[in-house]
Amino acid sequence: MQKLIIKNLPGFAAACDINEISGILDTVEKHRLEFVPWTEYPYKPSVIFSIAYSPDSILLKFFVQEKQIQAINHKTNSSIWEDSCVEFFISFDDGTNYYNIEFNCIGTGLIGYGKSKTNRELLDANIVNRVKTLSNINSEKGKKVSWELTMIIPLSVFEYTPMATLAKRKCRANFYKCGDLLPEPHFISWSNIESENPNFHLPDYFGDLVFE
């Protein structure tokens with residue numbers, strides 16, 4: 001099973017400049033999304049991420065290279081997974097309930113909470129919009145599109161899980177990249193999934209996160 005030890009950055013906070021956080025995350029250990037669980041969707045963009053935490057937030061950055069991008073969803077809690085999308089699912093109660101945090105390449109977000117794909121509710125848009133994002137897209141004709149997305153996720157976003165700190169906390173989580181309506185739909189993950197059909201909402205296959 002996949003496991004990460006999440007580094008503490010005590011000198012930073014959700015109110016920090018996101019450009020500074022983005023630069024810090026460039027120096028943090030990178031992790032790759034290696035698994036393509038469904039053979040009928042073999043396309044595998046290059047996706048790595050870095051993650052850390054501060055006293056009041058989770059700091060996350062994705063680095064993506066893919067053939068094409070799409071960002072047709074501009075409204076919070078719209079169909080983000082149809083676009084060039086990165087996702088972070090996290091459970092604070094060993095997988096009983098979990099948050100699905102989904103953002104497309106331009107920083108439009110969706111966050112839900114619940115027990116399964118069909119048993120969940122979307123968080124209010126005002127809460128979703130507490131997540132600060134920084135998008136950087138680099139596209140050159142004839143080359144793959146490279147894009148980065150930095151996220152500062154305040155602990156207040158996890159409204160069903162009040163907490164003062166993440167220090168020494170163990171969680172269950174997975175990281176994903178998808179693009180359901182791209183010319184080459186794809187579904188890749190950090191922790192492998194065993195399922196007949198594409199489905200990221202399977203907490204039994206989450207890996208472990210330990211906040212140092």
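This is a predicted model: local features need pLDDT of at least 70, side-chain atom pairs count only at pLDDT 80 or more; totals for chains, interfaces and linings use all residues.

Residues are numbered from 1 along each chain as its sequence is written, and side-chain values use heavy atoms, with hydrogens and water left out.

In soluble globular proteins, nonpolar side chains tend to be buried together. A nonpolar core here is a set of buried Ala, Val, Leu, Ile, Met, Phe, Trp, Tyr and Cys residues joined through side-chain atoms within 4.5 Å, where buried means under 20% relative accessible area with a 1.4 Å probe and protein chains only. The largest such core has 42 residues, of which Phe88, Ile90, Phe158, Phe175 and Leu209 touch the most other members. Strand 10, residues 145-154, gives the most to this core, with 5 residues (strands are DSSP runs of E, at least two residues, numbered from the N terminus). A second, separate core has 12 residues, including Phe89, Cys178, Phe200 and Phe206.

Leaving aside neighbours within four places in sequence, Phe88 is in contact (heavy atoms within 4.5 Å) with residues including Ile51, Leu209 and Asn100. Asn100 lies in strand 6, residues 98-104, and counts as buried because its relative accessibility is 3%. Its side chain makes a polar contact of 2.8 Å with that of Glu102 and another of 2.7 Å with that of Arg120, a polar contact being a pair of N or O atoms within 3.5 Å, of which, within protein, one must be able to donate a hydrogen and the other to accept it, and residues adjacent in sequence count only if both atoms are side-chain atoms.

Definitions and conventions
Helices (H or I, at least four residues) and strands (E, at least two) are DSSP runs, numbered from the N terminus. Buried means under 20% relative accessible area, exposed over 50%, partly exposed in between (1.4 Å probe, protein chains only).
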